[in-house]
Every structure is written in structure tokens, then in C-alpha cells.
Amino acid sequence: MFDIGIVGGGAVGSSIAYELSRFNLKIAVFEKEPDVIFGASGRNSGVVHAGFYYRPGSLKAKLCVEGNKKIKEWMKILNVPFKATGKILVAFEEEEVQELYKLKEIGDTNGVEGLEIIKGSENVQKLCPTVGEAVACMYSPATAIFSPYLFVIALAETNLLNDVKYFLNCKIVEVKRENGNFMLKDQNGNRYECRWLINATGVHCAEFSKMVGIDSYRIYPCKGEYLLLDKALAPLLNMPIYPVPSKDVGAYLGVHITPTVEGPITIGPSAEYIEDPEGYETTPEIMEQLFQGGYKLWPYFKRSDVIRTFTGVRAKPVPPGDKTFYDFLIKEEESVPNFINLIGIESPGFTSAPAIARVVREIIEKKEKLIPKEKFVPASPRKERFEDLPEEEKQRRARENPEYGEIICRCEKVTKREIIEAIENPLGAKTLASIKYRTRAMMGRCQGGYCLPKIVEILEKEFGYKPEDFQLHKEGSWLFSGRMRKND
Amino acid sequence: MTEKDVVIIGAGPAGLACATRLKEIGVNDVLLIEREKKLGGILNQCIHDGFGLHKFKETLTGPEYIERYLQKLINYKVEVLSDTMVVNLFPDKSMILSGPWGREKIKAKAVVLAMGCRERTAGAIWLAGSRPAGVYTAGVAQRLMNIDNYMIGNEVVILGSGDVGLIMARRLTLEGARVLMVLEKLPYSSGLPRNISQCLNDYDIPLYLKTTVTRIHGKARIEGVTYVSLDDEGKPIPGSERFIRCDTLLLSVGLIPENELSREAGVAIHPVTGGPIVNDTYQTNIEGVFAAGNVLHVHDLADWASMEGELVADFAKRYLEGSLPQTQNWIEVKAGEGIRYVLPQRISGKIDVNLLFRVSFPARNKHIVIKDKDRIIKRKRVINPHPAIMENIEVKRDELKGVQSLEVMIE
């Protein structure tokens, strides 16, 4: 039996597990996908928000400001790449300048540090030399960029060292109460028992809550499409550029242009309500809108700079057209004791995740005393990317280990050693996308054109994969229908 | 640091031809670098025939074509470093090599870029819809099937009518897959006419022109595509959307010269060819750095890439000897009306030059005209100019006397 059952292994679920694994608790994380970064955790702008968009006093405001500091601390401890770039919100029309002042006031009230209004195109360009012709901007030094998937992977791998159990490919399909505990059943009929149950299912939170017996929430999935631009442009963008937020969709920050820590640049997201909580599709019309919107902020890219498009889905608790402010909902349900619901955790949910985890811990602590573990491991060992090492060190390692000499992904310069370590990841995630997120192989401008067959070869020759074992991401995403000819 | 007279990066048809030719003309201190274990580049996976008609006057498969060069390479004792990637190239012609043997920096007096090209991807063409498994570029599919022995799917739609896609349509059919259709957004195929005939028509595979995919369906494995007809401006015609079920989508939507290393070294790249800007000695803007084959511009035939490699060998030798034509007054060569690009982009006027170019649109019974301002220097009739077919015109040194600029156009 587990003390804590967390359903959903993404940023929020894994942060909660990290927070609780400091104590003598038996923790299980149930993730329906074959890896922890296939949901919203791997599909976002990769921005640590400062907290000036949200109504003062709200959970979003408090947890975002708290999370901003905390997630940076965690990333330092976990050795996850982030860059304290700051960001600017730019006004292109005089009437938008008023909006900047309003946001600054909100931000100041929320305790966001260092917000500054800067007037005049020249002054704006001193901060960000490549921004389009703006009349003014608000500068937020507390905003940062980070690698969202490496963060979640680092959390999960650390959690494993602290005896958190991760169940991948494990979709909870039934929850029953027995003797005051929760009895969970997954899609394969396996059963799990836990004393506390935490709903960290993101866009599926209403559905899961219903499974536990509380049918009072609704989620309206809202899609955000992105364009991803070639990292060759990286030197031309030093920080995220955001517009003044749109008023058409509630809590929508507008199409922004954001550098990533690895180099490529994202443009997006859009905001369209859809039916399917996993409708990760891109559409020609929206891609065109993103291109136009991005170009206004930062006129430095061409159509041919796009290397990939992708989509995330927000867990919005309000229907289309409803522009009222709504907050995160984090509470233990009175009617189902020990069931902690997290509803509507959309942006700034990722930034807030460490603070959300603190709130969840306090809910539990109200009912029971948590005893700190004697040996808590703060971080799993994480290596630097080989490509980021000094040349001398690269040569030394390549001399010692041939696997460091062999470059598998030419675009991102990923070595065979790194591919093998990703294949051997402690979570046991076995998909090609798992290797991609961990190493950046297949993520560059040729999108696996060169390295995919090489990775396939490694999996076959060194890990004994058969044709049917290759899976791109989700269950059922087979790569090969078989062999062309019988192997001798 | 090791220093070589000539380092050739890439041992495909261009690099191999360049290396062997260098030996034949007496340049001995040559290093040929190949990132794969086997030499030959993409030709290793091209098991169909049709290679060598121009170079060897017979039709060969890709591996057979390569074999001709490998024999010479062995006979000439060319120094080869395979399984080795050039990870950085610097403006001073030094470079960092990496392979299972280790990693080190070397230097060259002359560098021949012969890295070939890569395929345009789904992201690069803004392909909309979901991101399931089963969307392969044609060349990757070819490699997975012909080298790695994997069957990639059963019900196949091919987007784009590039040559690799056409070859794969036939290949997949022969292996028992059903190739349902080939879609091409242009009003004409971007592949060679002989491939349309031999790979599609012979197998009753339909080719739909002015048609493209607007949506990929399926979350895990691809389950189908929506495709639409396009009007004369290339815009989707409303109401023309149709759905077809498939488990594989192959993309054959263009090749891009692979110039990441060149760019890093500071080689100027031409916006249309995607390859280095070169002069009539195939030298880039960096002295002693030459380019040949698909890294320079995408060729129709491996034979042309090899011939370019040989040509560059001669110029590299002359560079080492200090006998390349010198000039302060380069003649710029412009692609005029109806011409997509012309190579080389600048000429000295001191040697004969073979101008290579592609037309922008298919046409019939036209003339190619080469002009210096209003003065016609040369005129040549072309029966069926087609963007898929590279054309050429030789211009002799004598014809270039007094020429200030050159423009190639179609009339």
C-alpha cells in the first residue's frame, strides 16, 4: 500500500512527489503515457513566469511569484538548464501603454520584483535590440527561460532515488473507496491501494475527479499551436518578447516569441477551444496567424526557418467567451477525505508547480505529521551535454571512450554515449521520443533524417529491439510493420 | 596538428570522384573523410539502377557505381577516414574530426566541401495535423528499407513528386505495400520524366498534380490524410477536401544542400541554391575552400555530381600550385527571366566556363539566351525545358572578352 498516490506524472505530479519524498512516505506516481513529458509538460513556451498577469490575492498570483523563486532554486539543485533572460512586454500603440501600467501595478502588488516601464523605441531596443518598432515596454527581470522537459525528467529521476515508484503506461480507469483507502485499477486490471489520492491529471482533471465521485468540475480544452524556428537564429533574440495580453480569450498571454535554452525559437501559442483534450493538431490558418503575429514582434525570420510545429492543450475551467478571472483550485474534497483535487492548472501552472506542491504538502500536514526522511537525495546526477564541454575535454573523453567520439545526431551534435544513457534512462521510458527529449537527437533542423536510422541501429544491435518494439511516443505509435527480409 | 594538402569532406559521388581525380593528376597528400562506415554516401541505399549512364556509359545500381570508385581508391591508395564526422570547420581551414577512434583538430591547405544534401521535413513545409508515427521522408524510408531491413508500412500516400519519392513508390509496391497516390502541389512533377514513367505509370500509381495534404490524422500511428486541390495560385480550393486512409505518409518535398559546416566557416550561401556562392573555379568566398556535388546545388544525376567533383579536383590542384586565374573584376552571372538559378555565380572571364542552370517553369521550344546588358553572347534552343532537368551552356574564354556582366534568360 502507498501513502500517497499521485495520478499524472508531469510537472505538477512530479513536483508534488519531489516535495513529499522528503518525508517518510510511500509514494506512487501513475502516468498513463509511456513517459512523463508527453502532456502539457512538454508542450509549452518554456518560460518561468514572474506573476504580473494575475489578480492580486489569487492563488495564481501567490503561487506564481513563489514558484518563480522556487523553481529556479530547484533547477539549480537539479542541474536543469535555465537562463535568467528577463522578458519584455511590448506596446505597439499608445493605448496599449496604459495596459502596461496596469500590469505593472498588478505585478508590484503581487510582489514581482524589478518591473520597469521603458518608453521610446530606442530604449526598448537597448534591452532587446531586435524587437519590432515598439512605443514602450515593460521589462520583467524575474522572468526566465528553461527546459521544461528536462526539468520534469530531472524531478522524476530524482524521485526514483527517493523511492518514489513511477508506473508508466498506467492509466487509472477505476477508483473505489475501501476501508477508508483508495483502490485504483489501471487499464490492464492491475490494482493499487493508497491512503491519499492526488489529482494531477492536468487537462483530464475534471474527468478524473468524476471517477473519484466528484462531478462538479468542467474543463474546456483550449489548444495552443506553436512554430519552432531554426536555432541558427538564436543569436538574434536575447529574451522572450510578449505582446500586451489579448482580451479576446480569458487568461491568454497572446502570441509571443521566445528563445529556448537549447537555441531554437518558439512562436506561439494560439488559443482555440477544442473538444479533444489531446487534440494536438496544428492547422494551416493558425500557423499563418502565428507567423504574422510573431513577425510583428520580431521581424527576423523567414518561412523557411520553421523546423517544426507543435501544439499544447490548456486545462481551462471556463467556457469560450467567459472572460472572468478564474483561479487555480487546490483542495482536499470534503466529501471524499484524503482526495486532493487540482483543477484548472493551466499557465502559470508550470512555474507554480513547486508552490502547488507546497500547498499540497500543507493540506496533508494538517491531518498528519510528516516525518523527514533521514536520507533525502536532492538531485539525481545529471551530466552536461557533451557539446557544451570545452574542446579539450571533449577530446579527452573521446580518446577514453569511443562512444564519445561517435556523433549520432549531427544537427545537435549528440554522441553515441549520450544516446545510450538516454536509452538506459532510470524511468524505463522506452520510446524514441523519450530519447529525443533527453538528448535532443531528432530535435534539430533535419528532424531525425540523419540520426533516426542510427538510433534504430543502436536499439537493434545493442538493446535487442525487434521491429515491433520500436515506438515513437504513444502506445500504438509503431515505426515498422516488420522485416523486409528474414535476417540470417 | 596534422596538415593536409587537400581534405575532402564527404565520400559520396562528388567526394569520391574528386579524391580519385586528385591522385590521377598527381596530388598525393589527400584525405577523404566520410561520416558513415561505408563510403559512397546516399548511393549505398540507392539499389535501383540508372546510375553511370553518362560517366561509365552503362546503367548501374548505386552500390555498383560506388564500387567503380572504390576500386580506384584502393589502387591509388587514397587516405580515407571513414566513420568520422567533421564537427566544426573554421575559416582558416582547420577542422575538428570526431569518430570512434577519438577526436582531433587537423588543418588543410585546400578543402573540398562534398557533404551532399538533406531532405526537407514535415515541419519545414508547415505540414498541418497531428504528429503520429509513420510520417517518413522518402530518403529515410529508403535507408530503413534498403540498408536496415525494416518495412515501414503497408498503405502509403506520397506527398511530393521528387525523384526519391518516385523511386520509393516503386520500391514499396515491389515489397507488397499499396502506394495509393502521389500528390504534387505544383502543376508539374518535380521528378525526372523517366522516373514518372518507370516508377508510377508502370505500376498504375496515380499522380495528382496541384494537390497537397492539409491535415495528418491519427494520434499514435498515422490513420489517414486530408488532401485538397489547389488553384492556379497554389491556394486550396474550398470544398475540394478529401480524406484517404493510410498508415504511412512519405515526404518527397525537396532536398536542401547541407551547409551547416560551410556556414560555420563563413562560406557565403546562395539564397536560391542553398549552396555556396562559387566562382568559375568552384571556389567559395573563402580562398581554398571549394564545393562540389549536392552540397553546391542539388543535381539530377549522381554522374553530374561526380563530374563536378573531378572538375574541382583540377581547380584544387591549381590552387595548391598558385595557378588559378586571378582577377579583380569578377563578372557577376545573373539568373534572368524564367531562370531559377545559374552556377557559377561569378566568373573570371579567363577560362572556359560551363554555365549550369535550371528554368523556373516547364515550357516548350524556347531559347536560352546569354547576354551582357543588351548584347547577346550566346543563344541555344531548348526543346522541353523543365525545372527538374539541369541545363547547361558552355561559354568559351574568347566569347567572354570585354564582358562586364552576364545574364541567362529564357525567350
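## Basis of the values

The model is predicted: local features need pLDDT of at least 70, side-chain atom pairs count only at pLDDT 80 or more, and totals for chains, interfaces and linings use all residues. Residues are numbered from 1 along each chain as its sequence is written, chains are lettered from A and ligands numbered from 1 in the order in which they are written, and side-chain values use heavy atoms, with hydrogens and water left out.

## The interface of chain A and chain B

Chain B contributes 50 residues to the contact and chain A contributes 57 residues, where contact means heavy atoms within 4.5 Å. The two chains bury about 4400 Å² between them, with 54% of that area on carbon and sulfur atoms; buried area is the accessible area (1.4 Å probe) that two parts lose on being put together, summed over both. On the side of chain B, the residues that lose the most area to chain A are Arg103(B), Trp126(B) and Tyr150(B), which together account for 20% of what that side buries.

Nine salt bridges are counted between chain B and chain A, a salt bridge being a side-chain nitrogen of Lys or Arg within 4 Å of a carboxyl oxygen of Asp or Glu. One of them joins Arg143(B) to Glu457(A), with the closest N and O atoms 3.8 Å apart.

Several elements of chain B each supply at least two residues of the side that touches chain A, among them β8 (102–113), α3 (138–146), β11 (150–151) and α6 (260–265). Helices (H or I, at least four residues) and strands (E, at least two) are DSSP runs, numbered from the N terminus. The residues of this side of chain B divide into 19 nonpolar, 12 polar and 19 charged. In this division Ala, Val, Leu, Ile, Met, Phe, Trp, Tyr, Cys and Pro count as nonpolar, Asp, Glu, Lys and Arg as charged, and the others, Gly among them, as polar.

Strand pairing also crosses between the chains: β23 (residues 482–483) of chain A pairs with β11(B) in the antiparallel sense over two bridges. Two strands pair if DSSP finds at least two bridges between them. Within this pairing, Arg483(A) stands opposite Tyr150(B), a residue already named among those of chain B that lose the most area to chain A.

## Domains 1 and 2 of chain B

Chain B is divided into domain 1 (1–118 + 255–324), domain 2 (121–253) and domain 3 (327–411), with bounds from an automatic or database domain assignment. The centres of domain 1 and domain 2 of chain B, taken over C-alpha atoms, are separated by 31 Å. Ten residues of domain 1 are in contact with 10 residues of domain 2, and the two domains bury about 900 Å² between them, 54% of it on carbon and sulfur atoms. Gln45(B), Ile47(B) and His48(B) supply 54% of the area that domain 1 buries against domain 2, more than any other three residues.

One salt bridge is found across this interface of domain 1 and domain 2 of chain B. Glu36(B) forms a salt bridge with Arg143(B), the closest N and O atoms lying 3.5 Å apart; Arg143(B) also forms a salt bridge with Glu457(A). Five residue pairs are in polar contact across the interface of domain 1 and domain 2 of chain B, both residues at pLDDT 80 or more.

## Domains 2 and 3 of chain A

Chain A is divided into domain 1 (1–82 + 145–218 + 319–382), domain 2 (83–144 + 220–316) and domain 3 (386–469). The centres of domain 2 and domain 3 of chain A are 32 Å apart, taken over C-alpha atoms. Seven residues of domain 2 and eight residues of domain 3 make up their contact. The area buried between these two domains of chain A is about 630 Å², of which carbon and sulfur atoms give 40%. Lys231(A), Glu262(A) and Ile307(A) of domain 2 lose the most area to domain 3, together 61% of what that side buries.

Three salt bridges are counted between domain 2 and domain 3 of chain A. Lys231(A) forms a salt bridge with Glu412(A), the closest N and O atoms being 3.4 Å apart. The side of domain 2 that touches domain 3 has three nonpolar, no polar and four charged residues.

Definitions and conventions: Polar contact = N/O pair within 3.5 Å; in protein donor to acceptor, adjacent residues only side chain to side chain.
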